[in-house]
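Work through the exercises below with the sequence and the model open. Try each task before reading its solution.

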Amino acid sequence: MTEPDDPRHLRQALALAARGLGRTWPNPAVGCVIVAGTRVVGRGWTQPGGRPHAEAMALEAAGGAARGATAYVSLEPCAHHGRTPPCADALVAAGVARVVVPMEDPDPRVSGRGLARLREAGVDVVVDGRFRAAAEEINAGFFKRVREGRPLVTLKLATSVDGRIATATGESKWITGPEARRAVHLMRAQHDAVLIGAGTARADDPMLDVREMGLEGANPVRIVADGALSLPLTGRLAQTARDVPLWILHREGVDPHRWQGWESVGAELIECRVDATGALDPVDMLGQIGARGVTRVMCEGGGRLAASLLHAGLIDRLVQFQAGLTLGASGLAGLGELGIERLGDAPRAELFSVHRIGADTVAEWRFG
């Protein structure tokens, strides 16, 4: 049975869970609040790398006050032995009397087993479905990987009003303003990985790190789709591969000297299948990324890579930062060729949100 204070504490647990986004993979981002009477005695959220778990953090903070208390957890406590003991067992051992969650964990290693373990031990378990949508939103990437074997993919575009990302000469810094650029750094920090194509890496020589709002060091894995391993080893990605993880997706049969060169600078090389055109197969690319535990990927271009993912139905969210300038037909389009002849064949998304950011706007669209 729910109680009047359940919504407030469950919202707190969900807010704590969101703090871990981008840093808990391959584990979900979970928050936990332990309440004894009317007093919060413990809080926790999943730590970087997925350990310690939220429940362990909150129980350590609560100490003996956890006995007879209520634990609010943003996702069903785990029931399997991994690198840490099951959280369901830890809650039982601590003497928690009641556990409130918004949903079961769809991970087949858990999937109701954690709640069953609690009930077997005499713990009062409440599944408050009013907060299921919020819980699904926070761990949409983890659930996507569990259910489909691939990460959630967000395509980020920074464009002019007419959908261009650069001038005819390739100049693109800066189409959008500083507020939008800071928001992009926050997005990077909340994703496990950032993905770009070889053309973008070659043209921009980017770092793809996080440098804003005190989040320095919260860097995602940097992934480059470079089928032929054509990028030079003199770029900033290569020079920093030992400091910030760098994965390169490539096809079979690349030049062994190129392969050895990238391996020697610290990059992880991932061989992927190719499609009928000889390009890297986007389905296999995301499958390979998901198999390594990544749950949330932010694609920052270029146009060909974005178009291939969109054409394959692999873009889940599109976030478009749009500036109030026009570049015309000679400007570089944000998306490559999609081969669409009829409007009915065009990928269509639903507008999720739109607002002003500095002098620009940002809109989020969702597919499926």
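**Exercise 1.** At which residues does UniProt place the feature "binding site"?

Solution. The model is predicted: local features need pLDDT of at least 70, side-chain atom pairs count only at pLDDT 80 or more, and totals for chains, interfaces and linings use all residues. Residues are numbered from 1 along each chain as its sequence is written, and side-chain values use heavy atoms, with hydrogens and water left out.

The unreviewed UniProt entry gives H53, C78 and C87; such annotations may be inferred rather than shown by experiment. These residues span 35 residues in sequence, yet no two of their C-alpha atoms are more than 9.4 Å apart, so they gather at one spot.

**Exercise 2.** Locate H53 and C78, and decide whether C78 is buried or exposed.

Solution. Helices (H or I, at least four residues) and strands (E, at least two) are DSSP runs, numbered from the N terminus.
- H53 sits in the loop between β2 (39-45) and α2 (54-62).
- C78 sits in the loop between β3 (70-73) and α3 (87-93).

Buried means under 20% relative accessible area, exposed over 50%, partly exposed in between (1.4 Å probe, protein chains only). C78, at 9%, is buried; H53, at 16%, is buried as well.

**Exercise 3.** Which residues does C78 touch, not counting residues up to four places away in sequence?

Solution. With contact taken as heavy atoms within 4.5 Å, C78 touches H53, E55, P85, P86, C87, A88 and V110.
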